[in-house]
Amino acid sequence: MKALRWHGVKDLRLENIEEPAALKGKVKIKVEWCGICGSDLHEYTAGPIFIPEGSPHPITGEMAPIVMGHEFSGQVIEVGEGVTKVRPGDRVVVEPIYACGECEACNQGKYNLCSTMGFLGLAGGGGGFSEFVAAEEYMVHKIPERVSYEQGALVEPSAVALHAVRQSKLKVGDRAVVFGTGPIGLLVIEALKASGAAEIYAVELSEQRKQKAEELGAIVLDPSKLDVVKELHERTNGGVDVAYEVTGVPRVLTDAIDSTRIGGEVMIVSIFEREAAIKPNTIVTKERTIKGIIGYRDVFPAVISLMEKGYFPADKLVTKRIKLDEVVEEGFETLLKEKNQVKILVKAE
């Protein structure tokens, strides 16, 4: 089958590899759509970050070259021995987290914080940038007919957004701001809407992304045209209740902290590639809280239910659809060159 494999920085190869089998406890899936994640882009430009290179991943036993892609949907075509959760013909998405099940985080049920955590599509096990995937049964979630395969490919990134809001102290009627409206930032806006935020502000430079944020109902502020911290304090009479930092830019983290009210909270959702300097007194003197999240846990069913109700709409979030043969130039390179792109989906055929 055709599969996109990571060999090194700027070295992704579409290769013919052996089709996976539905071994015991596994579900073989024909991939329909797979999204290009920011993590995939980081691996392309600066990896390996999560991809094991030189030594095997402790859970999967695999190392580079590995098949990429972890945001995908598809149809079950075969199930292995002992599988009872799904059957051939079911429409599914995959929650791609590998966890050891034995460390302190796993014992607490926080499998996304596992000390040896990995992702299918980054740590081995196959990936969505291929024609077929054989995933562990526990990873597979059925999607209803009302949720399209395109929508299904957004479940994984939407889970990140919903987990970020769930882990924050946002209450119904609160005011929030999202710094950065790339794919995850836009999905955070959707999660905030579903969680009952009264006002949602979005700080963004890109014209298309500003437009997308407005379409989703956010009040957009352009940091190139005004002092967003001052503006947020004036509009909210003292600062927002919760700020979500989704850019990974050190200076933006400072603005996110300063934008919150007394006793406010900052949720760090992005991955930072370099250190970020902060002024502790801006936290101490206002009794603010800073909290980070990684990935998600126990949230896929809730995301799928919200999608049935119209949240996280693919028609407003997907800006380009391409074929697997085009994935490097029309996908990864396009995301590097065209900052107005939001979510690119790849058709596995």
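The sulfur of Cys-100 lies 3.6 Å from the closest cysteine sulfur, which belongs to Cys-114, and this is too far for a bond. A disulfide is counted when a pair of cysteine sulfur atoms is within 2.5 Å, and a search of the whole structure finds zero of them. This is a predicted model, in which local features need pLDDT of at least 70 and side-chain atom pairs count only at pLDDT 80 or more, while totals for chains, interfaces and linings use all residues. Residues are numbered from 1 along each chain as its sequence is written, and side-chain values use heavy atoms, with hydrogens and water left out.

**Cysteines**

- Cys-34 is in no disulfide, and the nearest cysteine sulfur, that of Cys-37, is 9.4 Å away.
- Cys-34 counts as buried because its relative accessibility is 0%, whereas Cys-100, at 30%, counts as partly exposed; buried means under 20% relative accessible area, exposed over 50%, and partly exposed in between, with a 1.4 Å probe and protein chains only.

**The second largest pocket**

- The second largest pocket has a volume of about 330 Å³, where a pocket is an open set of points on a 1 Å grid over the protein atoms alone, where a 1.4 Å probe fits, with protein on both sides within 12 Å along at least five of seven lines.
- This pocket is lined by 19 residues, and the closest to its centre are Glu-18, Pro-20, Glu-62, Gly-125 and Gly-126; a lining residue has an atom within 4 Å of a point.
- The largest share of the lining of the second largest pocket, three residues, comes from E9.

Key: Grid points are joined across faces, edges and corners, and a volume is the space filled by probe spheres set on the points. Helices (H or I, at least four residues) and strands (E, at least two) are DSSP runs, numbered from the N terminus.
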